[in-house]
Amino acid sequence: MKEKMSFFANLKSDFAAGLVVFLVALPLCLGIAMASGAPLFAGIISGIVGGIVVGYLSQSHVSVSGPAAGLTAIVLVAITDLGAFEVFLTAVLLAGLIQLVLGFIKAGTISNYFPTNVISGMLAGIGAIIFLKQVPKALGSDVEIGSGLAIFSDLIASFRDIQPGVIMVTLISLGILIAWEKVSALKRLKLLPGALVAVVMGTLINEAFVLSGSSLAITSNYMVNLPVPTTAEEFRGMVSLPNFASVVNPDVWIAAITIAIVASIESLLNLEASVRLDPLKRYASANRELKAQGIGNIVCGLIGGLPLTTVIVRTSTNINAGAKSKASAVLHGILLLVCVLSIPFVLNRIPLATLAAVLLTIGYKLAKPATFKHFWLKGKYQFIPFVATFGAVVFTDLLKGVALGMIISVIFILRGNIKRAYFFRKEEYEDGDIIHIDLAQEVSFLNKAAIKLTLNHLPENSRVLINASDTVYIAHDILDLIHEFKTITAPERGIQVVLAGFKDAYKMDNDDEEANHVFVEHEKLMSVRQNGSASHKKVISELINDK
């Protein structure tokens with residue numbers, strides 16, 4: 001009952017947000033279906049299922065699911081290799097079942113191991129991609145922004161073929177969006193999000209161009225293009241069913257496993273990102289998300305939809321439009337269902353330019369310069385994984401970008417652990433140095449190289465105290481290294497090694513008397529440094545000489 005109360009508690013703001021997400025999701029569903037080599041209506045089905053089914057089952061308050069651009073290449077190859085869309089739907093169904101199993105075995109906890117800088121780099125990369133891919137649509141160009149280094153040449157090419165009417169609608173829409181956010185008087189109209197106002201105004205302006213016969217009128221090629229069934233038979237022809245006989249085909253299972261793994265990782269990454277974008281930072285169970293995504297893909301496979309994931313474009317749009325609960329995601333799915341069945345001809349009057357303006361602002365917010373400055377100020381160990389993830393996401397793909405960021409982060413962690421294996425300091429006395437090596441709480445085999453290098457570079461005829469008082473674990477390799485150094489290497493180089501604090505389980509003989517003497521000397525030296533007394537320094541020096 002509590003769930004139902006929260007579902008309708010913010011219906012006004014959630015309906016407005018759901019309407020904006022619906023307007024953004026509609027062309028995305030069609031575009032992804034087209035890029036995937038699937039029937040256009042399959043993208044709409046996926047959007048409807050992602051909104052209603054996954055939106056209701058997910059614990060996330062702000063995330064929105066649907067067909068994902070990250071799966072486009074996989075879907076295109078799978079449909080081509082399997083030879084028929086109906087066979088591909090069987091793979092989608094099986095992928096959903098695999099995700100459902102992953103949710104029940106609690107595989108979603110993997111999302112807890114993605115560092116903040118990698119998640120932020122992924123978001124910034126996605127934001128840059130969203131921004132770049134909308135530039136041609138905002139200009140009225142037919143150029144499609146590719147991937148890799150081709151992005152730059154495609155971006156330049158998009159400026160060679162532009163349409164004044166499209167640019168005018170884009171600029172007016174952008175002006176409305178910026179004004180709606182910056183002008184305090186407009187912010188008070190919370191029921192009407194800026195994105196919705198921009199879409200309505202952009203549509204009305206183009207209709208005015210059309211009615212006046214202006215050359216600025218935008219042609220149908222640059223408008224939303226939704227299939228319009230006129231009979232029940234035509235509608236049934238837009239829906240495909242899976243070929244269950246193909247379940248014995250090994251290629252179907254390979255495609256299903258690939259889709260399940262990639263879709264699960266993308267969903268978990270985007271779920272983690274949605275929590276960070278949520279102004280209230282509300283928790284959402286990753287395992288429940290996997291179950292919801294699994295059920296969603298099962299339904300998509302059964303009724304002819306594309307595989308779906310949590311999608312950051314829709315999610316960030318949802319949050320920016322003022323969504324308060326998951327009711328907005330469900331409502332966006334309901335709006336998709338109702339409108340594609342009842343008024344597709346009205347939706348086909350919306351210029352892609354005004355939707356491009358909405359997505360340009362979303363992309364900018366995800367990849368704004370302030371984010372780069374934030375991680376730059378945090379230092380290289382935060383900035384390098386962030387910017388590496390960002391670059392790889394933009395120029396390769398999401399999973400490769402996250403993988404690169406994770407690898408760099410792990411390298412930095414290992415390097416940091418190696419450095420923190422011990423604390424090295426040298427106390428200078430008149431009769432010689434006393435070198436202190438204080439081992440950290442945990443010293444693993446990864447620290448062997450660093451400790452070995454330090455011991456090998458100790459000056460001859462020096463005094464060394466190796467202190468393990470604070471350790472809870474020392475790897476056997478490290479104990480062997482220290483024992484070998486004390487008994488063999490150190491005597492040959494005239495180095496006096498004093499061991500202190502080693503537990504009985506380590507089977508290392510502590511030099512308690514010598515260690516206590518060093519500790520006393522250290523305390524006296526610290527006292528001298530604090531009061532700066534020269535006479536005390538002389539006393540300490542005499543004490544050391546009399547040892």
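C339 has a relative accessibility of 10% and therefore counts as buried, where buried means under 20% relative accessible area, exposed means over 50%, and partly exposed lies in between, with a 1.4 Å probe and protein chains only. C300, at 0% relative accessibility, counts as buried too. If a disulfide is taken as a pair of cysteine sulfur atoms within 2.5 Å, the count for this structure comes to zero.

This is a predicted model, in which local features need pLDDT of at least 70 and side-chain atom pairs count only at pLDDT 80 or more, while totals for chains, interfaces and linings use all residues. Residues are numbered from 1 along each chain as its sequence is written, and side-chain values use heavy atoms, with hydrogens and water left out.

**The interior**

In soluble globular proteins, nonpolar side chains tend to be buried together. A nonpolar core is here a set of buried Ala, Val, Leu, Ile, Met, Phe, Trp, Tyr and Cys residues joined through side-chain atoms within 4.5 Å. The largest such core has 90 residues, and those with the most contacts inside it are L26, I44, F85, F88, M122 and L306. Helix α2, which spans residues 11–35, gives the most to this core, with 10 residues; helices (H or I, at least four residues) and strands (E, at least two) are DSSP runs numbered from the N terminus. Apart from this core lies another, of 24 residues, including F485, A490, V497 and F502.

What does I44 contact, leaving aside its neighbours within four places in sequence? With contact meaning heavy atoms within 4.5 Å, the partners of I44 are L26, C29, L30, L226 and V340. S36, in the loop between α2 and α3 (40–57), is buried, with a relative accessible area of 2%. Not counting residues up to four places away in sequence, S36 touches T72, V75, L76, I79 and L306.

**Charged pairs**

Side chains of opposite charge can pair when their charged atoms come close. With a salt bridge defined as a side-chain nitrogen of Lys or Arg within 4 Å of a carboxyl oxygen of Asp or Glu, a search of the whole structure finds two.

| Salt bridge | N to O distance |
|---|---|
| E207 and R349 | 3.0 Å |
| D278 and R282 | 3.0 Å |

E207 is partly exposed, with a relative accessible area of 21%, and R349 is partly exposed at 35%. In the other pair, D278 counts as buried at 2% relative accessibility, whereas R282 counts as partly exposed at 21%.

**Loops with a positive phi**

Most residues other than glycine have a negative phi, and most peptide bonds are trans. K106, although it is not a glycine, has a positive phi of about 60°; K106 lies in the loop between α5 (85–104) and α6 (116–139) and is exposed, with a relative accessible area of 54%. N461, also a residue other than glycine, has a positive phi near 60°. The loop that holds N461 runs between α21 (448–456) and β6 (463–467), and N461 is exposed, with a relative accessible area of 62%.
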